[in-house]
Amino acid sequence: KCDWSSYVCCSHLGAGVRLVTSTGTDHGEFTVRVDDADPVTVSSTRVDTEQNKPTQFVAFEATDLAQGEHTVTVTNTSGAVLGLDAFDVVTPRPPSR
């Protein structure tokens, strides 16, 4: 169960997930937790200048999960801007014939 007042979570069926965020000079650190694994701190969405910054950025990726249901929890640990654009679910490729 997700407590939407303190973090964002996404449950999905798949073998992985990519977290796509915005970037900016006002963005800060956050953590990403997949299922019961230890949280990973992400700080790569902050840029030094707004000029020529990427508008979307894959800030976190876990593509080696077992096929099945997973929960991804994103927590803003800095109090700065955190722009979540997408949770991209990775599904396994069907076997080639």
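The chain carries 7 positive and 13 negative side chains, and the centres of the two sets lie 7 Å apart. Lys and Arg count as positive, Asp and Glu as negative, while His and the chain ends are not counted. Each charge is placed at NZ of Lys, CZ of Arg, CG of Asp or CD of Glu. This is a predicted model: local features need pLDDT of at least 70, side-chain atom pairs count only at pLDDT 80 or more, and totals for chains, interfaces and linings use all residues. Residues are numbered from 1 along each chain as its sequence is written, and side-chain values use heavy atoms, leaving out hydrogens and water.

**Fold**
- The chain has zero helices and seven strands, in the order β-β-β-β-β-β-β.
- Helices (H or I, at least four residues) and strands (E, at least two) are DSSP runs, numbered from the N terminus.
- The C-alpha trace spans about 50 × 35 × 20 Å along its principal axes.

**Burial and surface**
- Of the 97 residues, 33% are buried (under 20% relative accessible area, 1.4 Å probe, protein chains only).
- The chain exposes about 6,200 Å², with carbon and sulfur atoms supplying 47% of it (Shrake-Rupley method, 1.4 Å probe).

**Contacts**
- Contact means heavy atoms within 4.5 Å.
- Among contacts between residues at least 6 apart in sequence, 76% join residues at least 24 apart.

**Phe30**
- Phe30 lies in strand 3 (residues 30–34).
- Phe30 is buried, with a relative accessible area of 0%.
- Not counting residues up to four places away in sequence, Phe30 touches residues including Leu19, Val42, Ala59, Val74 and Leu82.
- Phe30 and Ser78 are 48 residues apart along the chain, yet their C-alpha atoms are separated by 6.6 Å.

Definitions and conventions
Buried < 20%, exposed > 50% of the residue type's maximum accessible area, 1.4 Å probe, protein only.
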